[in-house]
Amino acid sequence: FALELCRASPQLKELTLRFSEVDTITGEDIDEFCAELSGLCPLLEHVELGNANYNPIIGIGEAESYAKHFPNTKRLNFGGEPVRYAAIEETVRACTRADEVDLSECTVRPALMDVLLRTPLRGRLKKMDFYSETEISLHTVLQCARGFELLTHLSLPDEFAAGLDFYRS
């Protein structure tokens with residue numbers, strides 16, 4: 001039904017789909033589906049695929065899985081603990097319009113920031129969100145603030161607390 005809907009609406013820019021039977025859906029299925037979807041709706045800027053409970057369809061964030069099929073994506077959304085670094089790099093390189101990153105409620109390791117900083121995102125990222133219960137070290141926040149050349153918006157986790165020395169750095 002979703003592909004039929006997209007055939008009828010090739011100008012779509014946003015699409016949210018909920019799947020009821022996620023046990024039978026694999027990462028390969030999502031890859032094939034998104035490749036076809038992207039061809040039917042080449043203007044898509046935001047695609048969200050989830051289950052009936054609004055959780056990611058295959059248990060990982062968009063930026064680690066299917067976002068790479070949608071080059072007009074403006075915001076890269078991560079989930080959980082992003083560690084599929086090759087997939088993340090592929091997505092960043094494919095999504096040439098992405099200038100925002102959402103790492104809300106994620107565990108952000110320094111290695112992830114290293115990966116993001118060695119991609120073209122380094123020279124185009126304007127907004128980074130670490131809202132809610134994001135786990136991130138002071139060092140990694142500073143790494144982010146220093147490394148992304150065009151960063152203008154940075155939101156820290158709700159429970160983030162640092163001393164005066166941190167804010168002076």
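What do the buried residues of helix 3 pack against? They pack against strand 3, residues 75–77, and helix 4. Let me build up to that.

First, the ground rules. This is a predicted model, where local features need pLDDT of at least 70, side-chain atom pairs count only at pLDDT 80 or more, and totals for chains, interfaces and linings use all residues. Residues are numbered from 1 along each chain as its sequence is written, and side-chain values use heavy atoms, with hydrogens and water left out.

Now the overall layout. The protein chain has six helices and eight strands. Those are DSSP runs, numbered from the N terminus: helices are H or I with at least four residues, strands are E with at least two. Along the sequence, the pattern reads α-β-α-β-β-α-β-β-α-β-β-α-β-α. Of the 169 residues, 45% count as buried. Buried means under 20% relative accessible area, exposed means over 50%, and partly exposed lies in between, with a 1.4 Å probe and protein chains only. Contact means heavy atoms within 4.5 Å. Take the contacts with a separation of 6 or more: residues 24 or more positions apart account for 72% of them.

Back to helix 3, residues 85–94. Its buried residues are Ala-87, Ile-88, Glu-89, Thr-91 and Val-92. Ala-86 also lies in helix 3. Is Ala-86 buried or exposed? Ala-86 counts as exposed, because its relative accessibility is 62%. From Ala-86 to Val-115 is 29 residues in sequence and 8.8 Å in space, C-alpha to C-alpha.

Tyr-85 is in helix 3 too. Tyr-85 is partly exposed, with a relative accessible area of 23%. Setting aside neighbours within four places in sequence, Tyr-85 is in contact with Arg-109, Ala-111, Leu-112 and Val-115. Tyr-85 and Asp-114 are also 29 residues apart in sequence, and 9.8 Å apart in space, C-alpha to C-alpha.

Next, how helices 3 and 4 meet. Two packed helices are described by the angle between their axes and the distance between the axes. Helix 4 covers residues 110–117. Helix 3 and helix 4 pack at about 30 degrees, with axes 10 Å apart. Axes here are lines fitted to C-alpha atoms, for helices over the stretch in contact, and angles run from 0 to 180 degrees between N-to-C directions. The two helices are therefore roughly parallel. Angles under 35 degrees count as roughly parallel, over 145 as roughly antiparallel, 65 to 115 as roughly perpendicular, and the rest as oblique.

Which residues meet? From helix 3, Tyr-85, Ile-88, Glu-89 and Val-92; from helix 4, Ala-111, Leu-112, Val-115 and Leu-116. By class, that contact has seven nonpolar, no polar and one charged residues. Ala, Val, Leu, Ile, Met, Phe, Trp, Tyr, Cys and Pro count as nonpolar, Asp, Glu, Lys and Arg as charged, and the others, Gly among them, as polar.

On to helix 4 and helix 5. Their axes come within 10 Å and cross at roughly 10 degrees. This pair is therefore roughly parallel as well. Helix 4 contributes Pro-110, Met-113, Asp-114 and Leu-117, and helix 5 contributes Thr-140, Gln-143, Cys-144 and Gly-147. That contact divides into four nonpolar, three polar and one charged.

So what is buried in helix 4? Leu-112, Met-113, Val-115, Leu-116 and Leu-117. Their cover includes helix 3, strand 5 (107–108), strand 6 (127–129) and helix 5.

Now the core. A nonpolar core is a set of buried Ala, Val, Leu, Ile, Met, Phe, Trp, Tyr and Cys residues joined through side-chain atoms within 4.5 Å. The largest one has 28 residues. Leu-76, Phe-78, Leu-103, Met-113, Leu-116, Met-128 and Phe-148 touch the most other members. Helix 3, helix 4 and helix 5 (138–147) each give two or more residues to this core. Helix 4 gives the most, with five. Apart from this core lies another, of 15 residues, among them Leu-15, Leu-37, Leu-44 and Phe-70.

Last, two loop residues. Glu-105 sits between strand 4 (100–102) and strand 5. Its phi is near 60 degrees, a positive value in a residue other than glycine. Glu-105 counts as exposed, at 56% relative accessibility. Ser-132 lies in the loop between strand 6 and strand 7 (135–136). Phi of Ser-132 is near 60 degrees, again positive in a residue other than glycine.
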